[in-house]
Amino acid sequence: PEPHGLRHAEGSRATPHGPILVRWSIVRRELRLEVLHPPQCTVEFRPNPSIANLRHEVRIVETKPSVS
């Protein structure tokens, strides 16, 4: 994320394989990032200069496929 003064945010995006949910917050100079994604999607965390001075706690979780 690029915080631009925000302390937290979350959002989701529909994909053909299921939703991807991203939420993050900044607490005491630490970026806490969580991503939930369907098994068919690949997720990668790449820090950018706007968060270089923060520690990063990253949790990327593959969700179970939904049963139809």
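Visitor: Does Arg29 count as buried or exposed, and how would I tell?

Guide: Start from the relative accessibility of the residue: a value under 20% means buried, and a value over 50% means exposed. Arg29 has 51% relative accessibility, so this residue counts as exposed. Please keep in mind that this is a predicted model.

Visitor: Where does Arg29 lie?

Guide: Look for the elements on either side of the residue. Arg29 sits in the loop that links strand 2 (20–27) with strand 3 (30–37).

Visitor: What is the phi of Arg29?

Guide: Most residues other than glycine have a negative phi. In this model, Arg29 has a positive phi, near 65°, although the residue is not a glycine. His4 also has a positive phi, near 45°.

Visitor: Where is the place of His4, then?

Guide: His4 belongs to the segment that comes before strand 1 (8–13). With 71% relative accessibility, which is over 50%, His4 counts as exposed.

Visitor: Let me step back to the whole chain. How many helices and strands does the protein have?

Guide: The tally is zero helices and four strands. Read from the N terminus, the order is β-β-β-β. The C-alpha trace spans about 45 × 15 × 15 Å along its principal axes.

Visitor: What share of the residues is buried?

Guide: Of the 68 residues in the protein, 24% are buried. The accessible surface amounts to about 5,300 Å², and carbon and sulfur atoms account for 51% of that surface.

Visitor: Which residues make up the largest nonpolar core?

Guide: A core is read as a set of buried nonpolar residues joined through their side chains. In this protein the largest one has seven residues: Trp24, Ile26, Leu31, Leu33, Val35, Ile51 and Leu54. Strand 2 and strand 3 are the elements that give two or more residues to this core. Strand 3 provides the largest share, three residues.

Visitor: What does Ile26 touch, leaving out residues up to four places away in sequence?

Guide: That kind of list shows which other parts of the chain meet a residue. For Ile26 the partners are Pro3, Leu6, Arg7, Leu31 and Leu54. Leu31 and Leu54 are themselves members of the core.

Visitor: Now some charged residues. Is Glu30 buried or exposed?

Guide: Glu30, which is in strand 3, has 8% relative accessibility and therefore counts as buried. Setting aside neighbours within four places in sequence, Glu30 is in contact with Ser25, Leu54, Arg55 and Glu57.

Visitor: And Glu34, buried or exposed?

Guide: Glu34 is in strand 3 as well. Its relative accessibility is 14%, so Glu34 counts as buried. Beyond residues up to four places away in sequence, Glu34 touches Leu21, Val22, Arg23 and Arg59.

Visitor: With which side chain does the side chain of Glu34 make a polar contact?

Guide: To read such a pair, look for the two residues and the distance. For the Glu34 side chain, the partner is the side chain of Arg23, at 2.5 Å. There is also a polar contact between the side chains of Arg32 and Glu30, at 2.8 Å.

Visitor: How many positive and negative side chains does the protein have?

Guide: There are 10 positive and 7 negative side chains. The centres of these two sets are 5 Å apart.

Visitor: What percentage of the contacts join residues at least 24 apart?

Guide: Among contacts between residues at least 6 apart in sequence, the figure is 37%.

Terms used:
Residues numbered from 1 in each chain as written. Predicted model: local features only at pLDDT ≥ 70, side-chain atom pairs only at ≥ 80, totals over all residues. Heavy atoms only, no water. Buried < 20%, exposed > 50% of the residue type's maximum accessible area, 1.4 Å probe, protein only. Contact = heavy atoms within 4.5 Å. Areas by Shrake-Rupley, 256 points an atom, 1.4 Å probe, with all protein chains shown as cover. Lys, Arg positive; Asp, Glu negative; His and termini not counted. Charge placed at Lys NZ, Arg CZ, Asp CG, Glu CD. Polar contact = N/O pair within 3.5 Å; in protein donor to acceptor, adjacent residues only side chain to side chain. Core = buried A, V, L, I, M, F, W, Y, C linked by side-chain atoms within 4.5 Å.
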